[in-house]
Structure formats: C-alpha cells, structure tokens
Amino acid sequence: MSIKISGTGSFIPKNIIKNDSFLNSDFFDKNGEPYQNSNQDIIDKFESITGIKERRYANKNHNTSDLATFASIEAIKDARIDKEEIDYIIVAHNFGEIDYNTNQYIALPSVATLVKHKLEIKNDNCVAYDIIFGCPGWVEGVIQAKAFINSGMAKRCLVIGADTLSRTVDKNDRDSLIFADGAGASIVEKTEEIGGILSHKTITKAGKEALYLFCKNSYNPKIKSKTKFIKMNGRKVYEFAISTIPAALKSCIEESGKNIDDIKKIFLHQANEKLDEAVLKYFYKLYDRSIPNNIMPISVDVLGNTSVATIPTLYDIVLKKNFKGHKLNKGDVIVFASVGAGMNVNAITYQI
C-alpha cells in the first residue's frame, strides 16, 4: 500500500502581464523615497535577478476560490473519481478571498468551504479547511493528507494551492513585480501501487526569520490609508533559502532510502530563478556533485511567483504538457521542496 497523487489539475489565468506594463509605475523605497534610476533600469535589473518576464493575473470576476475550483475540477477528472468520495478538502493560501480592487482579505467562510460549495459536493462527511503556511502550503497539505490516510481517517483527499497575490501587492513597491495568481490541485489517495510519498521533512524557524515576509502600509508617502500589503526582505529570504533548503532536501532524500542519483526532477518553489539555481548549487555541493542537466523545471519566468500554487501547477503542466522539454515517467523519483513565510521549509520525496 502506498499514498499517491492520483490526479492533478491547474488553472493558469489568461491575462498576461509583461514587465513593460510597469514602465509608468511610481516606485518608492521602504523609506518613501523615489528611486533615482529609471523604471526601465529597475525592470531590467529585476528581470536579470528573478528571471521573470511576465506573470498572470486573475480575471476581475474570479477570486481565489474560483481558481481553486477550476483546478480541482481538472484534478477530479484526471483521477477518475466521484467527488462525493473525497474525505478532506485542504486549501493552502495566504490571504483568502480578495475581491478585485478591494484588497480586503476575507477568511470567512474558508476558501475550502467555498470550493466544496462550488463543486456542489453534498457529502457532509467531506471536511473542508484552510491552512496558512506560506509558499510551502500545498506541500504541507499533501503531508497532512498522508497523515489522515495513514491514520485511517481518510481514503482520499483533495489538496489545493491557490492565491491571487496580484491583489495584495503595493503597486508602489518594486517587489510587486514578483507576484502572480494561479491554482494547482491534486487528489491524494491510498493505492496498491508501489511508490508514492516515500518521505517528508518540515521545519519552521520563527526567530528573526519570522519577520522576513510581512504586511505593511504602502511605501508611497502620499497614501495615508491603513491598508496593509504583502512585503518582504528579499535579501534575507534569499540567504535563508540557500542556507536552509539544501540540508532539508538532503535529510528528506536520505530518509526515503533513495540515492541522489535516483532523483529525476526537483520541483522547487518558484520564487525567482537565481534563488532556485543557488539552492540547487548548494544542495548538490553537499554531495560534491555538479547540477545535472534538465533536473529542475522553471516556470517563474512566464508565470511569476504564485506562492502555494507554484509547485502543484508546475507538476501538473510537466506531467501533461511536456513543459519546456521536461517529462516524467512511471517509477521516476522526484522531490517537491518549498520555502516561505513563517519561515517554513518542507520537502517530499515522491515516486510516480
């Protein structure tokens, strides 16, 4: 018996926002001072560091629960299951529902409850709840689903990562270029097949690291509103990621009983391209190895950072669309790994 992802789905909004869309923005630093360099210089430097050329924003009439529902419909269909047989719906996000042009974070009712409502699931024993775990939320949701199934409390779970981060950003903060919208979903269930979840690792560091991502007023000194926006200390997040993820990855793989040479793909949270490359470099350095060719799919360049949606979305499109030449085969051993607000780090060693 193993616990596997039997179906996947994703929803990627069609609204493409390219970097030149920000040429007329007014950017201020954290002290409320305008930058001396031009917006073109800011954008060029941003792209060289993050690799992000474009991102996707949700339609005005779509909220987080809508994106999550669209992805879930795909996952349920892919798994060929009856939606009424789902025991748990676990939705990872950061800000709940956010109506377009409001910036009000709505946590009541939960996004998971809204997804169950929109899927029209009538089974009262299907329990729906949200988790707030930063960008590693979907990975943690899969780990929780495994625990429910191992304990006998569930046979099948729907795990979703969804966010509409474009509605949480300070448009006067250059970091606003990083974030995007999307949703990824997966059916996790017990199966007689071999493989599945082989091991997992989670840590939370909540000393000074707890404040690396936070919410704060706009950097624009003319805006007196008390509305809070997502903020981050990018340098600290980068340093934390490269110093923490590699060891967590190594520990997770060792627990699985697999060798580093067994790993076919690493699905790393898509924060920015240089950060991901640095994490991979330090990870393989632990084994005194160079980075294998084509080991890590990259989507952040065209989808932006969609937080909890990045890994399930990327996994789905690699499975189904041969994304950028990446493909997966039955029996392949892969790793999911993420880092985010908390600060939280987690990883799963998984055999398809």
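The lining of the largest pocket is made of 27 nonpolar, eleven polar and nine charged residues. For those classes, Ala, Val, Leu, Ile, Met, Phe, Trp, Tyr, Cys and Pro count as nonpolar, Asp, Glu, Lys and Arg as charged, and the others, Gly among them, as polar.

Before going on, a word on what is shown. This is a predicted model, in which local features need pLDDT of at least 70 and side-chain atom pairs count only at pLDDT 80 or more, while totals for chains, interfaces and linings use all residues. Residues are numbered from 1 along each chain as its sequence is written, and side-chain values use heavy atoms, with hydrogens and water left out.

Back to the largest pocket. Its volume is about 1300 Å³. It is lined by 47 residues, and D175, I178, M232, N233 and G234 lie nearest its centre. A pocket here is an open set of points on a 1 Å grid over the protein atoms alone, where a 1.4 Å probe fits and protein lies on both sides within 12 Å along at least five of seven lines; lining residues have an atom within 4 Å of a point. Grid points are joined across faces, edges and corners, and the volume is the space filled by probe spheres set on the points.

Which element gives the most to that lining? It is α1, with five residues. Helices (H or I, at least four residues) and strands (E, at least two) are DSSP runs, numbered from the N terminus.

The second largest pocket has a volume of about 470 Å³. Of the 19 residues lining it, Y57, Y100, S166, R167 and K171 are the closest to its centre. Its lining divides into seven nonpolar, nine polar and three charged residues.

Now the sheets. Five strands make an open sheet of mixed pairing, in the order β1-β7-β6-β4-β5. Its edge strands are β1 (2-11) and β5 (127-131), each of which pairs on one side only. From one strand to the next, the twist averages 20°. Two strands count as paired if DSSP finds at least two bridges between them. As for angles, axes are lines fitted to C-alpha atoms, for helices over the stretch in contact, and angles run from 0 to 180 degrees between N-to-C directions.

Strand β4 (residues 88-92) pairs with β5 in the parallel sense over five bridges, and Y88 stands opposite V127 in β5. Helix α2 (residues 64-79) packs on this sheet, touching β1, β6 (156-164) and β7 (181-191), and its direction makes about 130° with that of β1. Contact means heavy atoms within 4.5 Å.

Is β6 buried or exposed? Nine of its nine residues are buried, so β6 is largely enclosed by the rest of the structure. Buried means under 20% relative accessible area, with exposed over 50% and partly exposed in between (1.4 Å probe, protein chains only). In a regular strand the side chains alternate between the two faces of the sheet. In β6 both faces are covered, with R156, L158, I160, A162 and T164 on one side and C157, V159, G161 and D163 on the other. β6 pairs with β4 in the parallel sense over five bridges, and with β7 in the antiparallel sense over nine bridges. L158 stands opposite I187 in β7.

I90 counts as buried because its relative accessibility is 0%. It stands opposite V159 in β6. Leaving aside neighbours within four places in sequence, I90 is in contact with Y129, I131, G141, Q144, A145, F148, L158, V159 and I160.

β8 and strand β13 (residues 344-351) run antiparallel and are joined by eight bridges; G196 has Q351 as its bridge partner in β13.

Last, N305, in the loop between α7 (300-303) and α8 (310-321). N305 counts as buried because its relative accessibility is 5%. Beyond neighbours within four places in sequence, its contacts include L165, I178, F179 and H269.
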